[in-house]
Structures are given as C-alpha cells and as structure tokens.
Amino acid sequence: MIKTILATYLISFSAYAGDINQAVILAGSILDEASRNSSSNNPGIFKQIRNTLASSDLAWPQHGSDFTNCSATTLAYVVPSTAPRTIFLCQRIVHAAEVAIAQTLIHEAAHLYLGNTDECAATAIEVVAMEDSGVGLAYKNSYISSCLGN
C-alpha cells in the first residue's frame, strides 16, 4: 500500500489525493502489463519498479503553492540521497490526466529503484514500460529526444 505524505507546510489534505491514488493504481497496472509483454532484456525490472512505487511516499503541494525544486518544466522529482523513498509531485502534474501522472510516477520510481537521477536511464524504463504495456506514451518528456533519439 502506498503511503502518502504531505509537505510540512501543508495544513489540509489535498483535493488531488483521489486522482493521484488512481494514478498510482494505474501505474502499477501498466508496470504489471509491461512485465508480461516486455521487449526488454530484463522484464523483472518492471515488477521491481512497481514494488518501489508501492513502498514510496508521495508528496504534493497544497493548491496554489509548489515545491522549491519545481520549475516551469519539472513535473516531479526525487532526491535519492536525502529522501530515498519519496516522490515529489509538482503542481504541473497534479492537474494532469491520470495516465500522465502514472507515466510520471513510473519515471520517478525508476529513479528511486536505480538510486540515482540519471534521466536517460529513467526515461528508457518509462518509455519501454508505457509502450510494452500497450498504453503508449501519454506525453514525451523533455529527455526523450536527447536520451533515446525519438
């Protein structure tokens, strides 16, 4: 079961909780399906990333505010060195469709699983998971072109 945490400055439960929880469920289903249909050399990685996501904490800002590390192009981020089990969701993504949130969660959980912030590695996992699940990409992140040449 995924645990939910809120930033310390939050005073009320976010209105986004239902959408985010549904996106977590969808991300798990996408990873399960990708594991079954994987074109990768390591289909077990999707199960491991699903387990990482399931054991991760999610944090999102109160409506109208954002985390310091969120920028105009940042959807979410992780800090494996100081918060090895937390995915921080930025305002830009909490308003998105469930499938876009799910794709973002897969990307960030890949970072946590790998224990680093290597964008190309997380993007490769994200793309293969979305494609092999049959869902396809909800959006192309800003690293796809530079990392995968797509």
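Which residues does leucine 105 touch, not counting residues up to four places away in sequence? The legends below open with that residue. The model is predicted, so local features need pLDDT of at least 70 and side-chain atom pairs count only at pLDDT 80 or more, while totals for chains, interfaces and linings use all residues. Residues are numbered from 1 along each chain as its sequence is written, and side-chain values use heavy atoms, with hydrogens and water left out.

**Figure 1. Leucine 105 and the largest nonpolar core.** Leucine 105 touches Ala23, Val24, Ala27, Leu53, Leu58, Ile87 and Leu89, not counting residues up to four places away in sequence; contact means heavy atoms within 4.5 Å. The largest nonpolar core has 32 residues, of which Ile87, Leu89 and Leu105 touch the most other members. Two or more residues are given to this core by each of α1 (17-37), α2, β3, β4, α3 (91-94), α4 (98-114) and α5 (119-132). Helix α4 provides the largest share, eight residues. Another core, of seven residues, lies apart from this one and includes Cys70, Ala83, Phe88 and Cys90. A nonpolar core is a set of buried Ala, Val, Leu, Ile, Met, Phe, Trp, Tyr and Cys residues joined through side-chain atoms within 4.5 Å. Helices (H or I, at least four residues) and strands (E, at least two) are DSSP runs, numbered from the N terminus.

Figure 2. Helix α2 spans residues 44-54, and its buried residues are Ile45, Phe46, Ile49, Thr52 and Leu53. Seen down the axis of α2, these residues fall within an arc of 115°, so they line one face of the helix; the arc is that of the directions from the helix axis to the C-beta atoms. Lys47 and Asn51, on the other side of α2, are exposed. Buried means under 20% relative accessible area, exposed over 50%, and partly exposed in between (1.4 Å probe, protein chains only).

**Figure 3. The crossing of α2 and α4.** The axes of these two helices come within 9 Å and cross at roughly 95°, where axes are lines fitted to C-alpha atoms, for helices over the stretch in contact, and angles run from 0 to 180 degrees between N-to-C directions. Helices α2 and α4 are therefore roughly perpendicular to each other (a term for angles of 65 to 115 degrees). From α2, Ile45, Gln48, Ile49, Thr52 and Leu53 meet Leu105, Ile106, Ala109, Ala110, Leu112 and Tyr113 in α4. Threonine 52 counts as buried, at 6% relative accessibility. Not counting residues up to four places away in sequence, threonine 52 touches Arg85, Ala109, Leu112 and Tyr113.

**Figure 4. An aromatic cluster of Phe67, Tyr77 and Phe88.** The structure holds three aromatic pairs. Phenylalanine 67 and phenylalanine 88 form an edge-to-face pair, 5.5 Å centre to centre with 80° between the planes. Phenylalanine 67 lies in the loop between β2 (57-59) and β3 (76-79) and phenylalanine 88 in strand β4 (residues 83-89), so this pair ties together parts that are 21 residues apart in sequence. The rings of tyrosine 77 and phenylalanine 88 have centres 4.9 Å apart and planes at 10°, so the pair is stacked. Rings of Phe, Tyr and Trp (its six-membered ring) pair if their centres lie within 6.5 Å; planes under 30 degrees apart count as stacked, over 60 as edge-to-face and the rest as tilted. Phenylalanine 67 is buried, with a relative accessible area of 9%, and phenylalanine 88 counts as buried at 17% relative accessibility.

How values were computed: Parallel < 35°, antiparallel > 145°, perpendicular 65-115°, else oblique.
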